[in-house]
Amino acid sequence: MLFLPGNTPNMLINGDTLGADTAIFDLEDAVSPDEKDAARILVRNALKYQDFSGCEVVVRINPTDTEFWKKDLDAVIPLKPDMIMPTKVSGGGMIREVSAYIGQVEERSGIEKGSVKILPLIETALGVEKAFDIASSDGRVAGLFLGGEDFTADMHCKRTKEGQEIFYARTRLVCAARACGIEAYDTPFTDVEDMEGLRTDTEFAKSLGFAGKAVISPRHVDIVNEVFSPTEAEIEYAHDVMDAIEEGKRQGKGVISLRGKMIDAPIVKRARQVLEMEQAIYGGGCR
Amino acid sequence: MSKLMGTIREAIEKAGLKDGMTISFHHHMRNGDYVLNMVLEEAAAMGIRDLTINASSIFDIHEPLIEHIKNGVVTQIECNYMGGRVGKAISQGIMEKPVIFRTHGGRAGDMERGASRIDIAFLAAPCADPMGNLSGKYGPSACGSLGYAFSDAMYAKKVVAVTDHLVPYPLQDASIDEGYVDYVVQTEQIGDPARIVSGTTKITRDPVGLRIAGLAAQVVKHSGYLKNGFSFQTGAGGASLAVAKYVEEMMEKDHIKGSFCMGGITGYMVDMANKGFFDTILDVQCFDLKAIESIRENPKHREISAMRYASPAAKSAAVDSLDVVILGATQVDLDFNVNVHTDSNGYIMGGSGGHSDTAAGSKLAIIVAPLIRARLPLIVDRVLCKSTPGETVDVIVTQRGIAVNPRQKELRDRLIKAGLPVRDIRELKKMAEEIAGVPRPVEMGDKVVAQVLYRDGTLLDTIKNVAEI
């Protein structure tokens, strides 16, 4: 998931070509207050005239305690981005407020209600503690997204590359998301030059159960994609699992084993997930 | 016997320069070259007229040429590349006779087979001894390889070396030997070192450029050529270098050892060779200080002449053994013809250089370019100038997809199988036009201002003047 500043035309026009599964058009932190109008118009026109069919589009809007967020939604909702990312979300009430306003704009624009999803950005201590409340607050919520930089500022601690200080927030977010049957996405790695650090951090996020990771530089896209993509061996094993199950069914076997190990329900579930990812990666998309 | 002349004028007189002659220059001093301007200034002062300039390349520093053309000192230009300043004047129609564009290999080949005759070659020599042993590797104006100067030295009737670094006889490690050189002139400076080579050449940071480079590297990977013995050429531009970086990562991962890298050589290619990714560097031109240091110090870094590099008149040339080349384009058309001579308004601002030589010789020629440049689509119905014929171009890589020449069906299938975004070239054109619109056709005038010769000497295309608005 690649963050792109909403006020850079060249990045918006090429946003879907940079290899990310999702382009996040940012109207918030990347845009200074006096540029908010311009960015909103640019993002609206990019959504209107550009074909982003191969790439999911998220728009990060300004916080609900500013004058901008409703204008942001007025501009972009009629063009049906896949998701809206509200920021500094600290409870389910905020999501319901945003969802209700999205609903109004959808209705006004003649769009089917509920078609635009919400991806809350959780970046405060309160938000982390209320992660489950946020995840379960509204049917539009499609995932939870951790913002490590603001979170550590709120926690009065230093953000480090190792990330011990966000370990609790990460695991709490993943658990809350999974408990509600939605996805969790990890905070960006902010050192643009440190590719090894990026790989380590991404591998760790994957090991915790995150479904993906945000990046702030297009140069980080390939490594994050590589880490989150199943390996050739994993894909092959998943195919073998499904083949063994088919074979077992044909032979009427109750217990199926592969390479000397019994195939149980979690193994099958994991194999299905790998094959779904294989389909998503090789069956089209941005790349 | 003394070959040493006190001044350029003395050398010109001794060499017998007369009205109507053809004089030649190499372009290893690039945009820092003083020699072409010095010689023409002297010739003009001597009242000589009607000269043909055969220079392997013309750069912006050669802007004084425009006055010499207007004054009748120079009446024809032959070159392989022409920068935008002189190019614009030529496109405005200031010269009666059309410019003759060749390729790097074609220029050497035409001299070799006598189709292009040089009366006097003036060779900028960063290092020379009094008898005319010459090298580009030493001295304050060092440029590294003298690759494009060999044919001039060998085939011109008279050869004048111009140096700012005269060393005692014999210059060890000379590239061009005394047997070819008639006169040697020492001057204060033959060029501006800061503009002869870049300090360092850097990989692009532009995300779109990097995406294109990443896709191009994937094409190389899945083409089947990336295996032990792989040979490779790429340009010095930021995006071309990025392709090299990604290719290097793949070679490292899969333990692939290449045979040679070639071309204009940059520090990046030197590093790749030093890390063991290539056995040999074949260097016709150095682009930066690191490349110069390497050609001086590393015995596996070989200087090659333009003939050895790409001459179609030779029994074979290095381009014929090249696996993959990465090239640029200002325009590409639906038949995969590439324009590198004019900008999208029709003004001359480039030339083939080694473009069509390497496209023809290599097994896989990949063009990398953004689908839209400064709001203009890359792909057009018909290029303004056919610099490299589409038959020799295999793949076009843009940030929105890859077009494979229909002649390369097997390659197309391989790339599709690898999951790469292969599109029909018409589809890419449509994508660009949906974003940028269809540009209004460029109106060209009726006067032929340049003829573009293919590497075998046949006429490939003509360039007309630009109608002034």
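Trainee: Where is B:Pro170 found?

Mentor: Look in the loop between strand S9 (158-163) and strand S10 (183-186) of chain B. Helices (H or I, at least four residues) and strands (E, at least two) are DSSP runs, numbered from the N terminus. A cis peptide bond joins B:Tyr169 and B:Pro170, with omega at about -5°.

Trainee: What should I keep in mind about the model?

Mentor: It's a predicted model: local features need pLDDT of at least 70 and side-chain atom pairs count only at pLDDT 80 or more, while totals for chains, interfaces and linings use all residues. Residues are numbered from 1 along each chain as its sequence is written, chains are lettered from A and ligands numbered from 1 in the order in which they are written, and side-chain values use heavy atoms, leaving out hydrogens and water.

Trainee: How do you know which class A:Gly147 belongs to, buried or exposed?

Mentor: At 9% relative accessibility, A:Gly147 falls below the buried limit, so buried it is. A:Gly147 lies in the loop between strand S7 (143-146) and H7 of chain A. Contact means heavy atoms within 4.5 Å, and beyond its neighbours within four places in sequence A:Gly147 is in contact with A:Leu121, A:Ile122, A:Glu123 and A:Thr187. The C-alpha atoms of A:Gly147 and A:Pro188 are 7.7 Å apart, although 41 residues separate the two along the chain.

Trainee: What area is buried between domain 1 of chain B and domain 2 of chain B?

Mentor: Buried area is the accessible area (1.4 Å probe) that two parts lose on being put together, summed over both. Here that comes to about 2600 Å², with 61% from carbon and sulfur atoms. In contact terms, 37 residues of domain 1 of chain B meet 31 residues of domain 2 of chain B.

Trainee: How many residue pairs are in polar contact between domain 1 of chain B and domain 2 of chain B?

Mentor: A polar contact is a pair of N or O atoms within 3.5 Å; within protein, one must be able to donate a hydrogen and the other to accept it, and residues adjacent in sequence count only if both atoms are side-chain atoms. By that rule there are 17 residue pairs, both residues at pLDDT 80 or more. On the side of domain 1 of chain B that touches domain 2 of chain B, helix H4 (84-91), helix H5 (104-112) and helix H6 (150-155) of chain B each supply at least two residues. H5(B) gives the largest share of that side, six residues.

Trainee: Now chain A against chain B: what makes A:Asp222 and B:Arg211 a salt bridge?

Mentor: The rule wants a side-chain nitrogen of Lys or Arg within 4 Å of a carboxyl oxygen of Asp or Glu. Their side chains meet at 3.1 Å, N to O, so the pair qualifies. Across the interface of chain B and chain A the rule finds three salt bridges. Helix H8 (residues 207-223) of chain B gives the most to the side of chain B that touches chain A, with four residues.

Trainee: How much area do chain B and chain A bury between them?

Mentor: About 1200 Å², 49% of it on carbon and sulfur atoms. B:Pro207, B:Arg211 and B:Arg400 supply 44% of the area that chain B buries against chain A, more than any other three residues.

Technical notes:
Buried means under 20% relative accessible area, exposed over 50%, partly exposed in between (1.4 Å probe, protein chains only).
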